[in-house]
Every structure is written in C-alpha cells, then in structure tokens.
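Hi everyone, thanks for coming. I'd like to walk you through one chain today, so please have a look at it on the screen before I start.

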Amino acid sequence: MLAIKNTTIFDGTGNKIEDKVILVKNGKFESITNDKAIPDSYQVIDAAGKMVTPGLIDVHTHLGVSEEGVGKEGSDFNETSSPITPQVRAIDGINPMEKGFEDARKSGVTTVQVMPGSANVIGGEMVVLKTAGHIVDEMVVKAPSGMKAALGENPKMVHGPKGKMPVTRMGVAARLREKLIEAQNYLNGEQKERKLDMENLAKVIRKEIPLRVHAHRADDILTVLRIKREFDIDVTIEHCTEGHHIADYIAKHEDVRVSVGPTMSSRSKVELKDKGWNTIKTLMDAGISCSITTDHPVVGISYLVTSAVHAINGGITEEQALRAITIDAAKHLGVADRVGSIEVGKDADFVIWSGNPFDLRSQVEHVFIEGKAI
C-alpha cells in the first residue's frame with residue numbers, strides 16, 4: 001500500500017490536481033484525497049516539487065519481436081513466407097527480456113501494443129502488454145488487440161519481386177478483400193474444416209477486434225476507409241502520414257482512431273515524403289482522436305516523449321500531447337478501462353517526474369506498474 005503526497009498530478013484526462021495524495025492499494029488507484037486521510041500502514045513518498053502522470057502508452061511497437069542489436073536471430077516480426085498470414089500471433093514471437101522493454105520502463109512507458117511488421121498484406125494478431133515482467137502471458141492486458149494489415153509500398157516491395165501478388169496497390173487491396181470475403185464465408189458455415197487463419201480473421205468480421213492498417217499515403221488511407229465501409233468492420237489507421245491532406249474526410253468516419261508516427265524517422269521511402277509535425281495538429285483540429293507512436297525500433301521507444309515535444313512545437317497543446325500518449329492511446333487500444341489515466345479503480349501505473357515531462361531536461365524519477373516500483 002502506497003501514498004504519494006504533495007503532488008502535482010496531470011491525470012491524463014485534462015485535469016491538473018494540486019496538493020493531493022494518491023493512495024494505491026492492491027495494484028489499483030484507491031483514492032485521490034488529502035494528507036489527513038493517509039492511513040498509518042501506507043508507505044509514503046513525498047513528491048513535493050515533482051509532477052505525476054499516468055504511465056505512458058505507445059500504441060504501435062515491435063518490442064520483443066524485433067530485438068535490438070541482435071540481427072536476423074532476433075527478427076521475428078515479419079512472416080514473409082506468404083503475403084497473407086492472419087494465422088500468426090505476435091505473442092508467440094515476443095522476448096520479454098529484450099532490451100527495448102527496459103528502455104520503455106526507464107522512459108515512463110508502462111503499456112505497449114506489440115504487432116507484426118508491415119511486410120504482408122495481412123500480418124497477424126497483435127497484443128497489448130505491460131512493459132514489466134519476464135513471462136509474456138502475465139504481462140498481457142489484451143490479447144488479441146487487433147489484426148495487422150498493410151497497404152502501400154511495403155507488401156509490394158517484399159512480395160512483388162518474388163513474382164507473387166501483390167505487385168501493385170490494386171493487388172494489395174484485392175488480396176485483402178479476398179481474405180475478408182473468405183472469412184465471411186467461413187462464418188456462414190461454407191467451410192467445415194477448422195482453419196486458424198479464418199478463425200483469426202473472423203474476429204475482425206464479428207467486430208471483436210479492429211483491423212489495424214499500416215497506411216502512409218493519402219490514397220492508401222482512402223482505401224482503408226473504403227474497405228471499412230464495404231465490410232462494415234472496425235479499423236484504425238496506423239501512421240497516417242499524409243492524413244493532413246484528407247483530415248476532414250477521415251473525420252467523417254467518427255469511429256476511426258489514428259496513430260501518428262514515427263515522425264522522428266527519416267524519409268526513408270517515397271510514401272514518407274510529406275512527413276511532418278503538422279499532421280497531428282491538422283488531424284486533431286478536425287476532431288480526430290490521435291495517438292503518437294515511435295513504431296519502435298524505427299524510432300527508439302525512449303523517444304516517445306521527445307516525439308510528443310516535437311508535436312507540441314508543431315502546434316498541439318501539452319494537454320493534447322499528454323492525452324495522445326495516455327488516455328487517447330488507451331482508447332485506441334480498447335484498454336481505457338484499465339490504463340491511461342489516474343482514476344480510482346484503474347491500474348496504478350504512473351510516473352513521477354522531476355519536472356514538466358515535456359521539458360526534455362526533466363528526469364523520470366520513479367515508475368510504478370500496478371502499484372509496484374519498477
């Protein structure tokens with residue numbers, strides 16, 4: 001049991017709470033109260049002059065499936081033997097002792113979504129994890145949390161040279177539609193034999209999980225929205241690099257959430273040529289719910305807050321930036337009932353900072369996951 005007193009709390013939902021005490025019990029936020037209410041049995045941390053935020057969330061990573069500094073032996077995020085692999089699951093390739101998880105914790109990142117890469121039209125299932133632990137199954141917050149798909153250059157580049165469809169953007173979209181139709185037929189009982197790929201895709205058709213689609217270019221984003229309407233499925237747009245060109249159109253799809261990033265990366269391919277920090281502001285101004293991502297290891301997860309600072313410099317407010325890596329990120333992942341804000345009953349995942357977290361001179365002093373000091 002733990003009490004954090006003399007705090008300045010940014011709760012993740014837009015509230016700033018001064019001179020209150022956070023009580024933590026059984027891994028949950030028990031109450032936000034005053035000094036006189038601290039029971040004698042509670043360990044007390046005096047956070048005078050510090051700032052407290054929810055644990056940070058990165059919605060789009062390859063932690064543990066793309067191991068840093070290992071090379072081919074640690075590359076388990078793209079099953080490139082086929083352009084269509086809905087049967088694979090990221091959870092089966094995660095090494096929880098990979099260095100990136102330690103980097104995440106040290107940076108105040110307590111929850112991440114880990115997903116397959118973007119080499120395939122359909123890449124497989126993803127999972128939401130806490131960043132502390134040695135047994136993946138005990139770190140899980142939500143599994144599966146979505147089905148990975150990818151449009152644009154990547155599946156063309158990986159599979160086209162092998163003489164396999166897709167060779168064009170038309171081919172990418174066609175293969176995606178083919179498999180969604182096959183999953184519909186499977187649900188209708190037209191396939192008697194159990195098939196793992198169809199069972200996983202059926203979760204998308206039934207709206208149990210969203211299709212999370214890698215799409216940088218504006219025309220690819222439009223294809224995502226077109227397929228969403230055709231099949232009446234839930235989608236998120238991952239990266240949304242040229243989303244600023246069509247923000248008002250995206251906004252018409254009120255239930256579509258967007259992750260933006262990794263904007264700190266270089267323009268390593270053609271579809272990133274219009275990358276910029278203006279994208280997230282334009283999307284937010286249009287009323288679209290946005291999260292910020294590093295796409296670790298494309299940009300190291302240590303730079304999630306740095307990315308948010310650049311977004312602030314690009315025109316969003318500090319409140320919007322914090323929401324984009326806390327509560328709105330939790331909503332993007334469908335786990336806002338457990339994480340993303342400092343609220344009674346939620347998991348006690350929080351960070352104590354030496355100062356304003358958006359001042360890059362500030363330090364992460366303490367990180368707690370489910371009430372335990374990490």
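Let's begin with Ala-132, which sits in the loop between β8 (122-130) and α2 (136-139). One thing to keep in mind throughout is that this is a predicted model. Leaving aside neighbours within four places in sequence, Ala-132 is in contact with Arg-105, Met-139, Ile-369 and Ile-374. Now look towards Lys-372: 240 residues separate Ala-132 from Lys-372 in sequence, yet from C-alpha to C-alpha they are 9.9 Å apart.

With a relative accessible area of 19%, Ser-31 is buried. If we don't count residues up to four places away in sequence, Ser-31 touches Val-21, Ile-22, Leu-23 and Val-344.

Let me step back to the whole chain. We have 11 helices and 16 strands here. The radius of gyration is 21 Å, close to the 21 Å from the globule rule for 374 residues, so the chain is as compact as a globular protein of that length. The C-alpha trace spans about 70 × 45 × 40 Å along its principal axes. Of the 374 residues, 57% are buried. If you take the contacts with a separation of 6 or more, 66% of them come from residues 24 or more positions apart. As for the surface, the chain exposes about 15,300 Å², and 47% of that is supplied by carbon and sulfur atoms. On the charge side, I count 46 positive and 52 negative side chains, with the centres of the two sets 3 Å apart.

Next, the aromatics. How many aromatic pairs does a search of the whole structure find? It finds 2. One is Phe-29 with Phe-350, a tilted pair, at 5.8 Å centre to centre and 45 degrees between the planes. Phe-29 belongs to strand β3 (residues 28-33) and Phe-350 to strand β14 (residues 350-353), so this pair ties together parts 321 residues apart in sequence. There is also Phe-350 with Phe-368: the ring centres are 4.6 Å apart and the planes are at 10 degrees, so this pair is stacked. Here the partners lie in β14 and in β15 (residues 364-369), so the parts being tied together are 18 residues apart in sequence. Phe-29 and Phe-350 are buried, and Phe-368 is buried as well. Put together, Phe-29, Phe-350 and Phe-368 form one aromatic cluster.

Helix α9 (residues 304-313) has 8 of its 10 residues buried, so it is largely enclosed by the rest of the structure. Among those buried residues are Leu-304, Val-305, Val-309 and Ile-312. What do the buried residues of α9 pack against? Their partners are β6 (56-61), β7 (109-114), α8 (278-285), β13 (290-292), α10 (318-324) and β14. Just after α9, Gly-315 adopts a positive phi of about 125 degrees.

Helix α5 (residues 196-205) also has 8 of 10 residues buried, so α5 too is largely enclosed by the rest of the structure. The buried set includes Asp-197, Asn-200 and Lys-203, along with Met-198 and Leu-201. This set packs against β8, β9 (140-150), α4 (169-187) and β10 (211-215). Just after α5, Lys-207 takes a positive phi of about 65 degrees.

Finally, some backbone details. Met-165 and Pro-166 are joined by a cis peptide bond, with omega about 20 degrees, and Pro-166 is in the loop between α3 (153-159) and α4. The bond from His-296 to Pro-297 is cis as well, with omega near 10 degrees, and Pro-297 falls in the loop between β13 and α9.

Then there are non-glycine residues with positive phi. Asn-6, in strand β1 (residues 2-10), has a phi of about 55 degrees and, at 27% relative accessibility, counts as partly exposed. Cys-240 has a positive phi of about 55 degrees too. Its place is the loop between β11 (235-239) and α7 (247-251), and at 0% relative accessibility Cys-240 counts as buried.

That's my tour, and I'm happy to go back to any part of it.

Definitions and conventions. Residues numbered from 1 in each chain as written. Predicted model: local features only at pLDDT ≥ 70, side-chain atom pairs only at ≥ 80, totals over all residues. Heavy atoms only, no water. Helix = DSSP H or I, 4+ residues; strand = E, 2+ residues; numbered from the N terminus. Rg over C-alpha atoms; globule rule 2.2 N^0.38 Å. Buried < 20%, exposed > 50% of the residue type's maximum accessible area, 1.4 Å probe, protein only. Contact = heavy atoms within 4.5 Å. Areas by Shrake-Rupley, 256 points an atom, 1.4 Å probe, with all protein chains shown as cover. Lys, Arg positive; Asp, Glu negative; His and termini not counted. Charge placed at Lys NZ, Arg CZ, Asp CG, Glu CD. Phe/Tyr/Trp six-rings, centres within 6.5 Å; stacked < 30°, edge-to-face > 60°.
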